[in-house]
Amino acid sequence: MNRYLPHISLCLLTISFASVAGHAAEFPAIYNSEADPNAAPPSPKQSLAMLQLPPGFRATVFAAEPEVQNPIALAWDARGRLWIAENYTYAENRLKFDLDLRDRILIFEDKDGDGHFDERQVFTDEVQRLTSIEIGFGGVWALCPPQLLFIPDQDGDGVPDGAAEVVLDGFTVPPVNHHNFANGLRWGPDGWLYGRCGASAPGELGLPGTPQDARIPIRGGIWRYHPRWKVVEVLTSGPVNSWGHDWDAHGEAFCVNVVNGHLWHVIPGAHYQVAHTLDPNPRAYALMDRHADHWHFDTAKGWTASRDGAANDFGGGHAHAGAMIYLADNWPAEYRGRLFTLNLHGRRANQEILARAGSGYVARHGEDVFFFNDGWFRGLDLRYGPDGGVFVLDWSDTGECHEATGVHRTSGRIYKITFGKATPPKFGDLREMDLDELLKLQHHPNEWFVRQARLQLAERAASGSDVRKAIPQLRRLIEPNADPATQLRALWALHALGAAEDWYLRAQLWHPDEHIRVWAIRLLSDCWPLDTATSARPARAAGEGNNSLLTPSVETFEQFTRLAQSDSSGLVRLALATVLQRLPVSMRPELAAPLLARAEDAEDHNLPLMLWYGLIPVGEAAPDQLADLAIRASIPLVRQFIARRLAEDIEKTSEPLNRLLREAATRNESFQADVLNGMTDALRGWSKARRPAAWDALQLKLAGTTNADLRDRLRDLSALFGDGRALDEVKRVALDSNAELPFRRAALRTLIEQRPPDLREICERLLSVSFLNSTAVRGLALFDDAAIGERLAGSYSKFHASERAAVIETLASRASFAEALLDEVAAGRIPRAEVTPYHARQIRSFNNAALTKRLAEVWGESRDSPVEKREFIAELKEKLSPAVLATADKSAGRVVFNQACAACHTLYGQGGQAGPDLTGSGRSDLDFLLEHTVDPSAVVNADYRMSIVDLKDDRTFNGLILARTDRTITLRTMTETLTLERAEIERIQESTLSLMPEGLLEALTEKQVRDLLAYLIHPTQVP
């Protein structure tokens, strides 16, 4: 296969454009919001004097206020100019972002090399929520959550050539917290644009207009975007909040983090440990721990006790920002290859020594030798430049990460740290160099030049320039007698040119250097879709019509399986394990089998988990093959997880588990313990389960065991398969704060089904437990008590953002709860937008005059009479003239459709099934659209008429009845599908109303209404 990539000029892409703050005559006045109006940092000169550096090092203030303020990120261009992102819109807890302000992108140049800038230029001051920038492919990439923007500057003059283009969206800005935002744009050695996102800012990524069900969930982690393929991938789940990453000389990425460990090796497809949130895949079972062998705070006291210098003896504290692996040529050789990260509370740069260990790396604590003793120092990023000096960004403020005390916007510093006086290199503009000059830079001792030259090669290949003469030169560099770092640089440069063809990469699979073999694996699989198994959702989204997503050839797959059997390098086997998640599910067992046979990896930090992550979907698609893998595996943890997965389906598909149990009866106690431990974990919290057919034989085999743990497992499972566990044991699991969350959730669900007398008390105790409280809400919904509604509504902000919809749903299900919901909306503690027209209609269906009046006061009126609806339709028709509709942004209308309509309606093959497919309806007629949107119940097909189901416990649900049996009905609401026992139902009222609620258009802005209707009227799909 030829790996030359399609030529695409990014500045000509026809994707919708961003509205970024508009053109304004003046930059808004900057203000400080701290309580003390006289608060000010030491002068730049005083702060510089406080720096404590090793002998021989020197520092300068490259720039300071007022020339730079609130610097949040940096980037370099091909001329060696430093680009700075200034963020003014970030605000304290009360505001989160002040959108009356704007952010800026600045360009600094030091022409005489004295360590202080000579020229300063404003590139743009028309962005908001700016967290990161990167330069390349004819413009500037700006991360402004919820969007990734591209601002064209083809000639590189520092002046935008046109409007900002939305490249990606879905980087959600949470309404209730203001940290963990998407950040960290950097070009990787593979030509992808990498970024980061924190777990408290969960997003749904995609190109503009991507339907909700085709978007990629991100719940914290590392992501990447390919500028030519127009593809986005989520590479990792976690860590909790990364604000720095870099690559070593071998192209291995490492990221830094806060709170629960500070450094991870970036392994595509990994699920890392996270604090305060859940991994999106409930079957990950175990999350990968940090790759540092130390902490920067006293773990006995916890991370909250590491502030204000309390953790100076450990490294400074829990919060880290910025990551730089020094690969330049100014600092002494002892620092080369070491990772430096800024410790916010310790006001220092932590030094990490990266060393190979097992299948990956371990980071060991190096001596901290760079100290910033200014109490206002808030270091956010650091990067080496073309002369090898290191530039450090200082936000300069007194608050910590969250700025709870207010923001001091009128200060900021950029320090430059060199060993001795750095000699400025003379290179002009890399964009003007010829191919030979760019290739020579692949030997440069400063990685800055290597990376910039590689970016230029990629840009020329993308623009259609003839780069063929570079190919043989680069291939010669990859010969085994060359320096390994130079070989990798040449391989990445070949890939940048689109010239790393499959046949050539397959030959490198047998290269003597492990890093070349690893990168041959990665580049061969680079365009295979990644599936991180975060449920049924994709981990990669591509532009429509993209044909670069390929599957492995027979030759490549055969060589991968040979490597899995024979390669002596754990790093190579780790690369193969990550490939599992890029393979079709049906191919995974064949590659996993030889990797699972490598007993030397049984205790490895990474491989057992990565193998399991790749096998997760096999449990659903081919559980019998999963059982085969467990039988043949030499890695106990994977066997235990397979047993757990098979036992979860014990009442649905029991034969694969029986097969494993039959095998266990013939094996040693270690094998048997793996199987029983997995089954115990799967069934923890269950009160009773069906006995597997092969259980008795295994029980008989183990009857005489002297292993106390095995006896305990056997006794507990035998009770579960017999008369069932005592309900007290189930309660114990639900309330055990040390038990894993999935076990506690399963136990609580069992209790809700069994409804013991103390269920309410149990559920109320668990309301404060994150991610368990949403299950507790289901239990509390069974009790008709206004006090419960008040407690749920008052606790709304304590629920994770992904689970708040369930709270609103519960509060709208009872009249006794709805009053508390409306009170919180009136007080502004629950956003009005969280109450949808569907919820409003459900509240009206209680036929409670006081509630309906309160709803109208705090949420809005319903146009109940036909006359009112006709008047509203006439009003809309007058506003939405053909001329007005002609000005609509149909791409923005598609976004509104995806958000407001696609959960129920299908259009162009994408969307939900609750309502009619709109693709072939009469939507080209504005009258038709307005009638069915404003008054959806006027003409409604019998198949889509709503039923109102009142339960005996006084809950009410509105929805479509999908199925009826003698015992149950299945009801589809706007948000979920419920199976309800007939014995619990008081009455079912068949309605002539449509399931689609009224008030949809009233919940939108005038622009959104215009764009949505123009999109629906348009006869073909739009970007």
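Two aromatic rings of Phe, Tyr or Trp (its six-membered ring) make a pair here if their centres lie within 6.5 Å; planes under 30 degrees apart count as stacked, over 60 as edge-to-face and the rest as tilted. By that rule, a search of the whole structure turns up 47 aromatic pairs.

Before we look at some of them, a word on the model. It is predicted, so local features need pLDDT of at least 70 and side-chain atom pairs count only at pLDDT 80 or more, while totals for chains, interfaces and linings use all residues. Residues are numbered from 1 along each chain as its sequence is written, and side-chain values use heavy atoms, with hydrogens and water left out.

Now for the chain as a whole. The protein chain has 32 helices and 34 strands, taken as DSSP runs (H or I, at least four residues, for helices; E, at least two, for strands) and numbered from the N terminus. Of its 1023 residues, 60% count as buried, that is, under 20% relative accessible area with a 1.4 Å probe, protein chains only.

| Pair | Centre distance | Plane angle | Class |
|---|---|---|---|
| Phe 254 and Tyr 361 | 5.3 Å | 90° | edge-to-face |
| Tyr 335 and Phe 370 | 6.1 Å | 55° | tilted |

Phe 254 belongs to strand S18 (residues 253-256) and Tyr 361 to strand S23 (residues 360-372), so this pair links distant parts of the chain, 107 residues apart. Phe 254 is buried at a relative accessible area of 1%, and Tyr 361 is buried at 8%.

Arg 409 lies over the face of Tyr 31, 4.5 Å from the ring centre, and the charged end of Arg 522 sits over the ring of Trp 519, 4.9 Å from its centre. The test asks for NZ of Lys or CZ of Arg within 6 Å of the ring centre and within 35 degrees of the ring normal.

Finally, what about Gln 581: is it buried or exposed? Gln 581 is buried, with a relative accessible area of 0%, and is found in the loop between helix H9 (570-579) and helix H10 (588-596). A polar atom of its side chain lies 3.1 Å from the backbone oxygen of Gly 269.

Conventions
Buried means under 20% relative accessible area, exposed over 50%, partly exposed in between (1.4 Å probe, protein chains only). A polar contact is a pair of N or O atoms within 3.5 Å; within protein, one must be able to donate a hydrogen and the other to accept it, and residues adjacent in sequence count only if both atoms are side-chain atoms.
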